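Biologist: I'm new to this one. Could you show me how to read it, feature by feature?

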Amino acid sequence: HSILILNGPNLNLLGTRQPEVYGRETLAMIQEKCVNHAADRGVSVEFMQSNHEGVLLDAIHSAKETHSGIILNAGAYTHTSIALMDALYSVEIPSIEVHLSNIHAREEFRQVSYISRAVLGQICGFGSHGYILAIDALLAHFDT
Ligand code: DQA
């Protein structure tokens with residue numbers, strides 16, 4: 001199996017971006033954790049980040065040919081992007097939504113996710129460990 005881990009806008013700034021909300025780990029550190037965790041389980045991971053909605057859409061489209069699962073932290077696009085939701089519906093790849101913060105405990109506008117409608121489930125509030133939980137959840141899903 002190969003899993004695509006997609007990160008949306010502003011997640012390239014992790015480490016210095018509102019550390020009280022998102023922690024002090026950089027995206028590169030999270031990437032390393034994910035790659036190692038997956039490798040230990042015989043799975044490969046492609047990890048990417050873009051600030052551009054269209055680039056994220058293209059990545060979801062091409063995953064159809066190359067990946068058996070998607071983990072998506074769409075950042076603020078979570079709360080706005082019908083296009084990302086439609087892309088997930090279109091490719092029909094098992095997908096999991098991740099957020100570092102507990103979006104349900106934050107501002108009202110963060111409590112609505114278009115992404116949630118198109119995924120197996122959502123993991124939020126556990127910081128970078130959410131990505132690890134998502135990898136394990138996808139692997140369990142593959143085995144069923
Ligand atoms: C986030 C939560 C979003 O509301 C926010 O816009 C982000 C990060 C998270 O990982 O907690 O950019 O997706």
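Modeller: Let's go from the overall fold to the annotated residues, the ligand and the core. This is a predicted model, where local features need pLDDT of at least 70, side-chain atom pairs count only at pLDDT 80 or more, and totals for chains, interfaces and linings use all residues. Residues are numbered from 1 along each chain as its sequence is written.

Biologist: Fine. How many helices and strands are there in the protein chain?

Modeller: We use DSSP runs numbered from the N terminus: helices are H or I with at least four residues, strands are E with at least two. Here the protein chain has five helices and five strands, in the order β-α-α-β-α-β-α-β-β-α along the sequence.

Biologist: Which residues does the UniProt annotation "active site" cover?

Modeller: UniProt positions follow the numbering used here, feature names are shortened, and annotations may be inferred rather than shown by experiment. The unreviewed entry puts "active site" on Tyr22 and His99. They span 78 residues in sequence, yet no two of their C-alpha atoms are more than 9.3 Å apart, so they gather at one spot.

Biologist: Is His99 buried or exposed?

Modeller: Count the other C-beta atoms, placed from the backbone, within 10 Å of a residue's own: 20 or more is buried, 12 or fewer is exposed, and in between is partly exposed. His99, in strand β4 (residues 95-99), is buried because it has 24. Tyr22, in helix α1 (residues 19-22), has 19 and is therefore partly exposed.

Biologist: And what does His99 touch?

Modeller: Contact means C-beta atoms, placed from the backbone, within 7 Å. Not counting residues up to four places away in sequence, His99 touches Asn73, Cys124 and Gly130.

Biologist: Which residues surround the ligand?

Modeller: A residue is near a molecule if its C-beta atom, placed from the backbone, lies within 6 Å of it. Among those around the ligand are His99, Asn73, Leu100, Ser101 and Arg110.

Biologist: What about the largest nonpolar core?

Modeller: In soluble globular proteins, nonpolar side chains tend to be buried together. A nonpolar core is a set of buried Ala, Val, Leu, Ile, Met, Phe, Trp, Tyr and Cys residues joined through C-beta atoms within 7 Å. The largest one here has 30 residues, and Ile3, Ile5, Ile71, Tyr131, Ala134 and Ile135 have the most contacts inside it. Elements giving two or more residues to this core include β1 (2-7), β3 (69-73) and α5 (129-142). Ile3 itself is in contact with residues including Ile71, Ile135 and Leu138.

Notes. Contact = placed C-beta atoms within 7 Å.
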